[in-house]
Every structure is written in structure tokens, then in C-alpha cells.
Amino acid sequence: MEDKAKNGQSVKYYRLSEIEERNSFKSTWIIINHKVFDVTKFLEEHPGGEEVLREQAGGDATESFEDVGHSSDAREMAATFVVGELHPDDRPKMVKPSESLANPVVETSSWTNWLIPALAAAFVTLLYRLYTSEEE
């Protein structure tokens, strides 16, 4: 599907299913900021190795791309691999990293942060004194 972009140029939209199908040995497409990139020809040249790109193939690589902190040269080079954009209807379907996959941080009260180690230290001290007093 093609449509007119804000600047008047036509934009090729790809459905998420189409992009996922491109995840093969012969073709590698990724999505960064809703733009679709065909990085197949860049796999061997990628400084981080082709595995990094293949791991993101067929899906959203925005977070990985931004986390690395690519240079302006890398961003310009990436622009040469743009083949279109993700269809607006599929943008809400993008898989966001789920916080439920990470171990949630459980807030504990401050008194348990010192009470448990203090009790453990007292127990170890008691055992040490009992052990040393029996030897005398």
C-alpha cells in the first residue's frame, strides 16, 4: 500500500506480517521508529556482527538501536536501507518489552533491611561463643 507522506513523496507501507515473513536466511528486515529497513546487504558489514541484526529480524529494533547510541554517520547509513514504513494499523501491535518478564522489585520496609542481617550476626556470634566455651 502506498500513500503520500507529509512532504508529498509516496511512502510504501508494510504490514507487520509481511515484515515477519522477511525474517529468513536470505532476507533480513527490521523496524526502527516505525520505518522498515532491509538490512540484508549490510549484515556482513555491521560492526556489531550480523547476529545482532538477525536477532531483531522481523520485529521492532528501535530500543536496541537507540540503546547502543549509534553515531550520526550510522544513522545516515541506516537511512539508505529504508524500504518503507510500518502500516499505521500495525503500530499498536508492536511488541513492547514486557515489564512482567523482568523480576519485579519488591519494596520491603527499612527495618527488615537491618533486622535480618542483625539476627543472623547475633546467631553466628552465639554459636561461636558456644563452640569456643566448650573447648576450654
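Mentor: I will start with the ground rules, then go through the chain, the rings, the pocket, the charges and one loop.

This is a predicted model, so local features need pLDDT of at least 70, side-chain atom pairs count only at pLDDT 80 or more, and totals for chains, interfaces and linings use all residues. Residues are numbered from 1 along each chain as its sequence is written, and side-chain values use heavy atoms, with hydrogens and water left out.

First, the layout. The protein chain has five helices and five strands. These are DSSP runs numbered from the N terminus: helices are H or I with at least four residues, strands are E with at least two. Their order from the N terminus is β-β-α-β-β-α-α-α-β-α. The protein chain has 136 residues, and 24% of them count as buried. Buried means under 20% relative accessible area, exposed means over 50%, and partly exposed lies in between, using a 1.4 Å probe and protein chains only.

Now the rings. Rings of Phe, Tyr and Trp (its six-membered ring) pair if their centres lie within 6.5 Å; planes under 30 degrees apart are stacked, over 60 edge-to-face, and the rest tilted. The count by this rule is two aromatic pairs. One joins Tyr14 and Trp29 edge-to-face, with 4.9 Å centre to centre and 85° between the planes. Tyr14 belongs to strand 2 (residues 10–14) and Trp29 to strand 3 (residues 29–32), so this pair ties together parts 15 residues apart in sequence. Tyr14 and Trp29 are both buried.

Phe42 and Phe81 make a tilted pair, because their ring centres are 5.3 Å apart and their planes sit at 45°. Here the partners come from two loops. Phe42 is in the loop between strand 4 (35–38) and helix 2 (50–56), and Phe81 is in the loop between helix 4 (72–79) and strand 5 (82–86), so the pair ties together parts 39 residues apart in sequence. Phe42 and Phe81 are buried as well.

Go back to Tyr14. Lys12 lies over its face, 5.2 Å from the ring centre. The rule for a charge over a ring is NZ of Lys or CZ of Arg within 6 Å of the ring centre and within 35 degrees of the ring normal. Lys12 is itself in strand 2. It is partly exposed, at 31% relative accessibility.

Phe42 leads on to the pocket. On a 1 Å grid over the protein atoms alone, a pocket is an open set of points with protein on both sides within 12 Å along at least five of seven lines, whereas in a cavity a 1.4 Å probe fits but cannot get out; lining residues have an atom within 4 Å of a point. The largest pocket has 21 lining residues, and those nearest its centre are Phe42, His46, Leu53, Phe65 and His70. Strand 3, helix 2, helix 3 (62–68) and helix 4 each give two or more residues to that lining. Helix 4 gives the most, four residues.

Next, the charges. A salt bridge is a side-chain nitrogen of Lys or Arg within 4 Å of a carboxyl oxygen of Asp or Glu. Two salt bridges meet this rule. Arg15 pairs with Asp89, the closest N and O atoms being 3.9 Å apart. Arg15 is in the loop between strand 2 and helix 1 (16–21), and Asp89 is in the loop between strand 5 and helix 5 (110–135), so the bridge ties together parts 74 residues apart in sequence. Arg15 is partly exposed at 30%.

Arg75 pairs with Glu66, with 2.9 Å between the closest N and O atoms. Arg75 is partly exposed, at 35% relative accessible area. Glu66 is partly exposed too, at 34%.

Last, a backbone detail. Most residues other than glycine have a negative phi. Asn33 has a positive phi, near 50°. His34 also has a positive phi, near 70°. Asn33 lies in the loop between strand 3 and strand 4, and His34 is placed in the loop between strand 3 and strand 4 as well. Asn33 is partly exposed at 43%, and His34 is partly exposed at 31%.
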